Amino acid sequence: HRVDAPVRFAGRDFDRPVIDVAALAADEPAIAAWVRSLLVPKVLIASQGRVLEAIVDSRGTLIPSTPVIAVVPTGAAGLTVWHLAAAVSSPLASLHLRDVAAGTGLDGRGSRVTARFVRELALPADRDGWDAAADAARRATRASSIADRATWADELDRLGAALLGLSATVDTPQREEREAFTWWIGERPRWRGARLLSR
């Protein structure tokens, strides 16, 4: 993994924060057990924002700090972390967040994301579109990890279009889907530079 800037955590600055699980187990066995349970592939979701923002920990080496939400695939129906990331990152999921939680974020403009909200999100019905969106999520993650901003943005748009049943353009006769996609292009997660991500 790589970090582009120091991380401030618990009042201290770290260049590359890591957890010594063995040392933690000696002092706090219950917390160490919780950490070990999260050393699996998963999706990490920000606890607030204007839209849902997620990163994929495909190797299972990241530990979320409260209030980050962690979602672990069960392996049912061949669903992967990429499928989960696509479902969470879809325009429809963020539109739903806006509808039910707009203005609840700390800044008064964003939305607070809860574990319950994530649990109750509807999964995409079109499996082909969902598979295409999962592939776009994987490509966007790769692009973010190497600071390829243009590809990252293109893949997020492909993800959104796939889950709306569109090509990645706005020239479609489907009015509601077109409007949702146009909203997505304007509101999707903003570039924050290369992230701490598994390749």
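At what angle do α3 and α6 pack, and how far apart are their axes? The angle is about 95 degrees, and the axes are 8 Å apart.

This is a predicted model, in which local features need pLDDT of at least 70 and side-chain atom pairs count only at pLDDT 80 or more, while totals for chains, interfaces and linings use all residues. Residues are numbered from 1 along each chain as its sequence is written, and side-chain values use heavy atoms, with hydrogens and water left out.

**Stop 1: α3 against α6**

Select α3 (81–88) and α6 (127–145). Helices here are DSSP runs of H or I with at least four residues, strands are E runs of at least two, and both are numbered from the N terminus. Axes are lines fitted to C-alpha atoms, for helices over the stretch in contact, and angles between N-to-C directions run from 0 to 180 degrees. The angle of about 95 degrees makes α3 roughly perpendicular to α6. The cut-offs are under 35 degrees for roughly parallel, over 145 for roughly antiparallel, 65 to 115 for roughly perpendicular, and oblique for the rest.

Now show side chains. From α3, pick Trp82, His83, Ala85, Ala86 and Ala87. They meet residues of α6 that include Arg127, Trp130, Asp131, Ala134 and Arg138. Contact means heavy atoms within 4.5 Å. The residues of this contact divide into eight nonpolar, two polar and three charged. Ala, Val, Leu, Ile, Met, Phe, Trp, Tyr, Cys and Pro count as nonpolar; Asp, Glu, Lys and Arg as charged; the others, Gly among them, as polar.

**Stop 2**

The term needs a side-chain nitrogen of Lys or Arg within 4 Å of a carboxyl oxygen of Asp or Glu. Both residues lie in α6, three residues apart, about one turn of the helix. Arg138 is partly exposed at 37% relative accessible area, and Asp135 is partly exposed at 29%. Buried means under 20% relative accessible area, exposed over 50%, and partly exposed in between (1.4 Å probe, protein chains only).

**Stop 3: the largest nonpolar core**

Which residues touch the most other members of the largest nonpolar core? Select Val43, Ile45, Leu52 and Val113, out of 29 residues in that core. A nonpolar core is a set of buried Ala, Val, Leu, Ile, Met, Phe, Trp, Tyr and Cys residues joined through side-chain atoms within 4.5 Å. The elements that give two or more residues include β3 (42–45), β6 (69–71) and α7 (149–164). α3 gives the most, with seven residues.

Centre on Val113. Leaving out residues up to four places away in sequence, Val113 touches Ile45, Ala46, Ser47, Gln48, Leu52, Ile69, Leu97 and Val118.

**Stop 4: α4 and α8**

Select α4 (91–101) and α8 (175–187), which pack at an angle of about 80 degrees with their axes 10 Å apart. They are therefore roughly perpendicular to each other. Pro91, Ser94, Leu95 and Arg98 in α4 meet Ala180, Trp183 and Trp184 in α8. This contact divides into five nonpolar residues, one polar and one charged.

Within α4, Pro91, Ala93, Ser94, Leu95, Leu97 and Ala101 are buried. Their cover includes β4 (48–49), α3, β7 (111–112), α5, α7 and α8. Step past α4 to Gly103, whose phi is positive, near 85 degrees.

**Stop 5: Leu164**

Leu164 is in helix α7. Is this residue buried or exposed? Leu164 is buried, with a relative accessible area of 9%. Apart from neighbours within four places in sequence, Leu164 contacts Pro91, Leu92, Glu177, Ala180 and Phe181.

**Stop 6: Glu187 and Arg50**

From Leu164, jump to Glu187: their C-alpha atoms are separated by 15 Å. The Glu187 side chain meets that of Arg50 in a salt bridge (3.1 Å, N to O). Glu187 lies in α8 and Arg50 in the loop between β4 and β5 (54–57), so the pair ties together parts 137 residues apart in sequence. Glu187 is partly exposed at 24%, and Arg50 is partly exposed at 48%.
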